[in-house]
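Have the model open as you read.

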Amino acid sequence: MTNRKTIIYPNPTVLAQAVAARTLLTIGDLLAEPGRTRVDIAVTGGTDGNRVFHELLASPLSEATDWSRVHIWWGDERFVAADDDDRNAKQARGEFLDAMIDDGLLPESNIHEMPADTRTPDEIAAASPEETDAVLARAAADYQRELESELGDDPALDIAMFGVGPDAHFASLFPGLPQVRLDDPHVLVAGVRDSPKPPPLRLTLTVPMIARSRHTWVFTSEARKAEAVAKAFAEPRNPMAPSSYADGRELLWMIDEGAASKL
Ligand SMILES: O=C(O)[C@H](O)[C@@H](O)[C@H](O)[C@H](O)COP(=O)(O)O
């Protein structure tokens with residue numbers, strides 16, 4: 001695994017401002033590389049993720065960013081109907097992406113949402129666990145195909161961002177569930193049927209896909225996450241603390257003093 005770097009910020013707001021500034025500066029750096037045509041970023045849902053969207057929109061650096069060459073992906077998604085308020089993508093659109101699209105800065109075709117559940121509530125309720133697994137597997141395969149068609153046979157994200165839950169999950173990789181142990185390098189996206197954090201059905205990038213990212217940034221804040229951070233840092237690859245699997249060509253944790261209080 002790559003050595004982890006950790007930066008501690010004074011509070012959640014400064015943390016979100018720092019992540020947003022780092023995102024915009026890194027996009028600029030990457031786009032300045034000779035021959036580079038685009039930058040691909042996976043964003044995250046959750047409280048800290050939404051704070052980052054707010055700060056991205058507020059930052060003057062955003063205006064200096066060539067969003068037409070930035071592609072937006074998700075590290076995980078709640079597998080619900082496309083218009084469900086629970087969708088990470090819907091929240092990201094509300095907080096940030098719609099404003100960029102409305103201003104003509106970000107083309108809609110640069111947004112790569114994970115698939116939504118297209119079944120009716122009755123069909124969802126009537127599905128057996130096996131049928132639900134098959135629906136999730138098809139959706140995961142569709143997103144993997146989109147990654148491969150946009151980024152080539154060995155797709156890698158430039159920036160992959162993740163929040164952390166109080167149980168030390170990241171993406172939709174939850175303690176004790178099998179998805180965190182998926183280590184087949186050809187499986188890039190997986191379905192989750194029984195997430196302990198509602199809603200229960202989810203799609204997530206796998207550990208091998210995340211590890212291929214050029215910059216993997218994990219960020220979380222407040223004392224309620226302190227235990228999770230301490231567990232993730234205690235030992236690498238602990239299935240009961242999935243964020244201990246976070247890896248990338250650069251691995252950076254950004255936390256605030258509250259989240260760092262048990263280190
Ligand atoms: O779909 C989700 O819920 C997320 O993608 C999830 O992985 C989130 O980032 C963490 O649970 C942290 O969320 P909070 O910051 O809200 O605790």
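## The largest pocket

By class, four nonpolar, ten polar and seven charged residues make up the lining of the largest pocket. Here Ala, Val, Leu, Ile, Met, Phe, Trp, Tyr, Cys and Pro count as nonpolar, Asp, Glu, Lys and Arg as charged, and the others, Gly among them, as polar. The volume of this pocket is about 250 Å³. Of its 21 lining residues, Gly45, Gly46, Val164, His169 and Lys197 are the closest to the centre.

On a 1 Å grid over the protein atoms alone, a pocket is an open set of points with protein on both sides within 12 Å along at least five of seven lines, a cavity is a set where a 1.4 Å probe fits but cannot get out, and lining residues have an atom within 4 Å of a point. Points are joined across faces, edges and corners, and a volume is the space filled by probe spheres set on them. Helices (H or I, at least four residues) and strands (E, at least two) are DSSP runs, numbered from the N terminus.

## About the model

This is a predicted model, in which local features need pLDDT of at least 70 and side-chain atom pairs count only at pLDDT 80 or more, while totals for chains, interfaces and linings use all residues. Residues are numbered from 1 along each chain as its sequence is written, and side-chain values use heavy atoms, leaving out hydrogens and water.

## Two cavities

The count comes to two cavities of 30 Å³ or more. Among the lining residues are Thr23, Ile27, Trp67 and Phe96.

The second largest cavity has a volume of about 30 Å³. Its lining includes Val43, Gly49, Val52 and Phe219, with α2 giving the most, four residues.

## α2 beside α4

How do α2 and α4 pack? Helix α4 (residues 88-102) and α2 meet at an angle of about 15°, with axes 9 Å apart. They are therefore roughly parallel to each other (angles under 35 degrees count as such). In the contact (heavy atoms within 4.5 Å), α2 residues including Phe53 and Leu57 meet α4 residues including Phe96 and Met100. The residues of this contact divide into seven nonpolar, three polar and one charged.

Notes: Axes are lines fitted to C-alpha atoms, for helices over the stretch in contact, and angles run from 0 to 180 degrees between N-to-C directions. Angles under 35 degrees count as roughly parallel, over 145 as roughly antiparallel, 65 to 115 as roughly perpendicular and the rest as oblique.
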